[in-house]
Amino acid sequence: MTPSVFIISAPSGSGKSTLKNGLFDRVSNLRFSVSYTTRKRRGAEREGESYYYTDRAHFESMIDGDEFLEWAQVFGNYYGTHRSELDKAEAVGADLVLDIDVQGAAQLKKKIPDAVSIFILPPSRTELEQRLRARGEDSEEVIAERLRGAADEIRNYGKYDYVLINREVTASIEALVSIVCGQRMRRTRMEDQIRPILETFETEPAEKGVLSE
Ligand code: 5GP
């Protein structure tokens, strides 16, 4: 069966990585889509786990070769999902989770209308600003840029299937797990499991009246 596709978008600092990690701890058979990017590797990130790091020339040659399911420029860098990510998920029977921005989410929804999209919203601008500062990763200038970016991204929440307001981590992970489990229980995703159950009922029908005697 083709994998279910879950798109998660959120302004940076909204706690997306924590929620995503919580989801992966709680739900099996999920694969994280590793994107290509031209941005520099940060602290603990690892090649092939967080991203595949490359340069602009290589990325542009991949665009020309139509190798991406979607791609976009975010904060001056290229980011893109390689077509092979879907195949890799299918090969191991997993569903695919993508952490991509609003531009990429819109492109992917066009290509895969059944994809389930989730927008994570911080409880307020003040809270987002506090979280960005607490991370201690960015300069004041970058924080201001991320806050401006957040305001733009948030205006796109209406394009998503689900909106998750991240007030409290445990409850938000719970909500994310529910969305994934709900999608997996859709009838169209259950056919492989339903068929063998139906087969157990396909014996000779009981003679009329026997049950009511
Ligand atoms: P960061 O540099 O903080 O890891 O990511 C910056 C933004 O790029 C985030 O909003 C993230 O969701 C987005 N992003 C990461 N990978 C992709 C991708 O493959 N495609 C698109 N469109 N956005 C991505």
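Colleague: How far is an oxygen atom of the ligand from an N or O atom in the side chain of Tyr51?

Modeller: Keep in mind that this is a predicted model, where local features need pLDDT of at least 70, side-chain atom pairs need 80 or more, and totals for chains, interfaces and linings use all residues. Side-chain values use heavy atoms, without hydrogens or water, and residues are numbered from 1 along each chain. For Tyr51, a side-chain N or O atom and a ligand oxygen are apart by 2.5 Å.

Colleague: Which residue has a polar side-chain atom 3.1 Å from an oxygen atom of the ligand?

Modeller: Let's rule one out: the side chain of Ser35 has an N or O atom 2.6 Å from a ligand oxygen. The polar side-chain atom at 3.1 Å from a ligand oxygen belongs to Lys16.

Colleague: How much of the ligand's accessible area does the protein cover?

Modeller: On its own, the ligand has 510 Å² of accessible area (Shrake-Rupley method, 1.4 Å probe).

Colleague: How many charged residues are in the shell around the ligand?

Modeller: There are 15 residues around the ligand (a heavy atom within 4 Å), and Ser35, Arg39, Tyr51, Tyr79 and Asp99 come nearest. By class, 5 are nonpolar and 4 are polar. The charged ones (Asp, Glu, Lys and Arg) number 6.

Colleague: Which strands each supply at least two residues of that shell?

Modeller: Strands here are DSSP runs of E, at least two residues long, numbered from the N terminus. One that supplies at least two shell residues covers 68-74, and another covers 77-82. Their names are S5 and S6.

Conventions: Polar contact = N/O pair within 3.5 Å; in protein donor to acceptor, adjacent residues only side chain to side chain. Helix = DSSP H or I, 4+ residues; strand = E, 2+ residues; numbered from the N terminus.
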